[in-house]
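Please keep the structure in view while reading, and find each element as it is named.

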Amino acid sequence: MPPAVLIAALLSVVLFVQAFVRLRARRPDYAPWSRALLYGAGLALLVLPFVSPLDKAGDERLLSAHMLQHVLIGDAAVALLVLAVRGPLVFFLLPPTVLRPLAAFRPLRAFLSALLIPLVSLGLWALAMIAWHVPRIYDYAAAHPAVHDLQHLSFVAVGLLAWTQLIDPARHGRLRRPQRIFFALGMLAFAQPVVDLLLFSSTPRYGRYASPADPLFGISPLTDQRLAGVLMMTEQLLTLGICVALLLRPYLRERRTRAHPAYS
């Protein structure tokens, strides 16, 4: 396991465990065991792509493996992590001795407030999604470990910003429910050019994967590229589609109640 991933994973576990224990001692109903399962699942999706054969396959053999790694760490994993800490639990993630000085540091508060402006969060997510998948930038990052690490870190960071807007774990109400639905649809729209590039290009666009010496599973570079597009599109339709469906549920329930008042 890369040292940075190990340290980040251990710190994440420590922060969640102390928050879970502290809140559960006060209000067990606000810290059910389902939250621990969600957090564990999210952390697994964040760590396993770096410590499994998927990492090596993505670095050296298959664009589709690399794309799977990216959508797992930047979308599915962070969605589960934010979902796990929603509500009062999010306020317990930092111990009081750490939270007080950070909360009193105005430049940090101003910076985080700016990042969490909905249009800023969406813009940063779109910028990272589009820019990192420009073929030349993508190939350069894959060939330079420091830039590659920055790429992965940025996917996680902008994913956290975007899913914080969609789930609103601290209930700040920056976006109302209809606006959160349009936010999710906006994410799908901004990702579509990347999906189109991967699916509809007639030649391999990423030089690092264009002529592998030993194609894994005999997959051709063009098929690999299209498979990467399918993976990206499918994962985002699943995560964002489920999110939109959950956000729409109260409206559908209200509509059914109005249509059948006798059964309400």
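## Cavities, a pocket and helix packing

Helix α4 gives the most to the lining of the largest cavity, contributing four residues. The model discussed here is a predicted one, and the values in this report are to be read with that in mind.

How many cavities of 30 Å³ or more does a search of the whole structure find? The search finds three, and the largest of them has a volume of about 100 Å³. Its lining is made of His70, Val71, Gly74, Asp75, Trp125, Ala128, Met129, His133, Phe155, Val158, Met232 and Gln236. The elements that give two or more residues to this lining are α4, α7 (118-131), α9 and α12. By class, the lining of the largest cavity consists of seven nonpolar, four polar and one charged residue.

Two or more lining residues come from each of α4, α9 (145-167), α10 (177-200) and α12 (221-259), and α12 provides the largest share, with eleven residues. The lining of this pocket divides into 14 nonpolar, two polar and seven charged residues.

We now turn to the packing of the helices. Two packed helices are described by the angle between their axes and the distance between the axes.

| Helix pair | Angle between axes | Distance between axes |
|---|---|---|
| α2 and α4 | about 160° | 8 Å |
| α10 and α12 | roughly 170° | within 10 Å |
| α8 and α9 | roughly 115° | within 5 Å |

Helix α2 (residues 33-51) and helix α4 (residues 63-84) pack at an angle of about 160°, and because angles over 145 degrees count as roughly antiparallel, α2 is roughly antiparallel to α4. The crossing of these two helices is left-handed. On the α2 side, the contact is made by Arg35, Leu38, Tyr39, Ala41, Gly42, Leu43, Leu45, Leu46, Pro49 and Phe50, while α4 brings Gln69, Leu72, Ile73, Ala76, Ala77, Leu80, Leu81, Leu83 and Ala84. Sorted by class, the residues of this contact are 16 nonpolar, two polar and one charged.

The axes of α10 and α12 cross at roughly 170°, and therefore α10 is also roughly antiparallel to α12. The contact of α10 with α12 holds 23 nonpolar, three polar and three charged residues.

For helix α8 (residues 135-143) and α9, the axes cross at roughly 115°. Here Tyr138, Tyr140, Ala141, Ala142 and Ala143 of α8 meet Pro145, Val147, His148 and Gln151 of α9, and this contact has seven nonpolar, two polar and no charged residues.

Methods. Residues are numbered from 1 along each chain as its sequence is written. This is a predicted model: local features need pLDDT of at least 70, side-chain atom pairs count only at pLDDT 80 or more; totals for chains, interfaces and linings use all residues. Side-chain values use heavy atoms; hydrogens and water are left out. Axes are lines fitted to C-alpha atoms, for helices over the stretch in contact, and angles run from 0 to 180 degrees between N-to-C directions. Angles under 35 degrees count as roughly parallel, over 145 as roughly antiparallel, 65 to 115 as roughly perpendicular and the rest as oblique. A crossing is left-handed if the near helix is turned anticlockwise from the far one by less than a right angle, and right-handed if clockwise. Contact means heavy atoms within 4.5 Å. Ala, Val, Leu, Ile, Met, Phe, Trp, Tyr, Cys and Pro count as nonpolar, Asp, Glu, Lys and Arg as charged, and the others, Gly among them, as polar. On a 1 Å grid over the protein atoms alone, a cavity is a set of points where a 1.4 Å probe fits but cannot get out, and a pocket is an open set with protein on both sides within 12 Å along at least five of seven lines; lining residues have an atom within 4 Å of a point. Grid points are joined across faces, edges and corners, and a volume is the space filled by probe spheres set on the points.
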